[in-house]
Amino acid sequence: MTLAPAHVAGAGMIRFGKYPADVTLERMAVGAARAALLDAGADLTQIDACYVGHVFGGPVAGQRIAAQLGLDGLPVSNHENYCASGATALREAWVALAAGLHDVVLIVGVEKMTDRVAGGVRPDPGDLDAAVGYVMAAGHGLSARRYMADHGATREQIAAVAVKNHAHSVHNPFAQYQRPVSIEEVLNARPIAEPLGLLDCSPISDGAAAMVLCTPAGLRRLGLVAPGPRMLGCALVSGSVRPGTGDVNEEDVSRRAAEEAWKLTGIGPEDIDLVEMHDCFTIAEIVRMEGLGLIPRGAGAAWTAAGETSLGGRLPVNPSGGLLSRGHPVGATGVAQACELTWQLRGTAGGRQVEGARVGLSYCKGGTVNGTDGGSVTTLVMSK
């Protein structure tokens, strides 16, 4: 089954980073939304509905944002799917457009994380993974150790993911970090969960990203003659509580997410020109690319070290800098990835442009179910 694609009319972000308390979640969301509306040449009267992805924004955060924008009274929905929240909001907007419910919609992904960390927020007592010590960093440390043992990868090859993504983000004005790092800096960074150090981990971030999507009728409403990039579809799958193989790097959920994306869009892995990957940790980029079937199993670390996933390589991954360097305000990440695909397919990404890009994929993975499988995973495909 396929649905009609959604046309990308506008994309906008604010720079990811750490903002003071007076820069609120609503203020960041409004800034990104206004940037997307300006990019689309749209005014508020042309918007039919608003979809908001966030994790920690609290009840009806989307309605608060819409009210500050001047969109109060419209259909507004809130979407929480942990790190895949923003991408899930995009998916629901795409489905609504394809169903004929709306013609022009605004999607916002936003998160204010630094206030929550400063406030001493702790894991939910009902989170059994965290209760037995399986915090994210520990899980990805286990993943890295297993990968090195199974495939003969070196610590330096895994660290190369961070070096690559920081090099890419030098050219991204919206990135939290905009300076390169060396292999030595990654290897000598403060230990977090052996063998991973601080620079193997995505940072705590605040930020927002937004998009305007529309149908062909919506394009005419906005007076847009050139349609621009199309969101062909967004697959959504969830993790499993099945025992599996016991391999922490099995990535069955990534395999299923890829299969759903190919079925929804008619695109295959051989068509992908660039990937925005959910690299919450260096090892995550490697095993998830392999899980999607975009890199052969066991070859991801070697590909990275050889420059195959760098700009100018065989399959550029995270030209934006990814979560490691662009930053990871969890509810905003999926929309930020889609913004990057938009700019790449328009050919307006500047120094991080992937030459000849025609089809891009973004991947988000949020939470765990049984410690090894994703709670929610999205794969979004966009074409020129």
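I began with Glu251, which I found in the loop between strand 8 (230-238) and helix 10 (252-265), where helices (H or I, at least four residues) and strands (E, at least two) are DSSP runs numbered from the N terminus. Glu251 has a positive phi of about 55° although it is not a glycine, and with a relative accessible area of 8% I noted it as buried (buried means under 20% relative accessible area, exposed over 50%, partly exposed in between, with a 1.4 Å probe and protein chains only).

I noted that this is a predicted model, in which local features need pLDDT of at least 70 and side-chain atom pairs count only at pLDDT 80 or more, while totals for chains, interfaces and linings use all residues. Residues are numbered from 1 along each chain as its sequence is written, and side-chain values use heavy atoms, with hydrogens and water left out.

I then looked up the confidence: the chain averages a pLDDT of 93, and 92% of the residues score at least 70, pLDDT being the predictor's confidence in each residue, from 0 to 100. Over residues 118-123 I found pLDDT under 50, and for this stretch the model has two contacts beyond four places in sequence (contact means heavy atoms within 4.5 Å).

I looked up Tyr82 next, in the loop between strand 3 (76-79) and helix 3 (85-98); its phi is near 50°, a positive value in a residue other than glycine, and Tyr82 is partly exposed, with a relative accessible area of 37%.

For backbone geometry I also recorded a cis peptide bond between Glu194 and Pro195, with omega about 10°, and Pro195 has its place in the loop between strand 5 (191-193) and strand 6 (196-197).

I searched for aromatic pairs, taking rings of Phe, Tyr and Trp (its six-membered ring) whose centres lie within 6.5 Å, with planes under 30 degrees apart counted as stacked, over 60 as edge-to-face and the rest as tilted. By this rule I counted one aromatic pair: Phe174 and Trp343 are stacked, at 5.3 Å centre to centre with 15° between the planes. The two residues are 169 apart, Phe174 in the loop between helix 7 and helix 8 (183-187) and Trp343 in helix 14 (residues 330-346). Phe174 counts as partly exposed at 21% relative accessibility, whereas Trp343 counts as buried at 10%.

Last, I looked up Arg221 in helix 9 (residues 216-222), which counts as partly exposed at 34% relative accessibility. Leaving aside neighbours within four places in sequence, I found Arg221 in contact with Gln46, Asp48, Asp103 and Val104.
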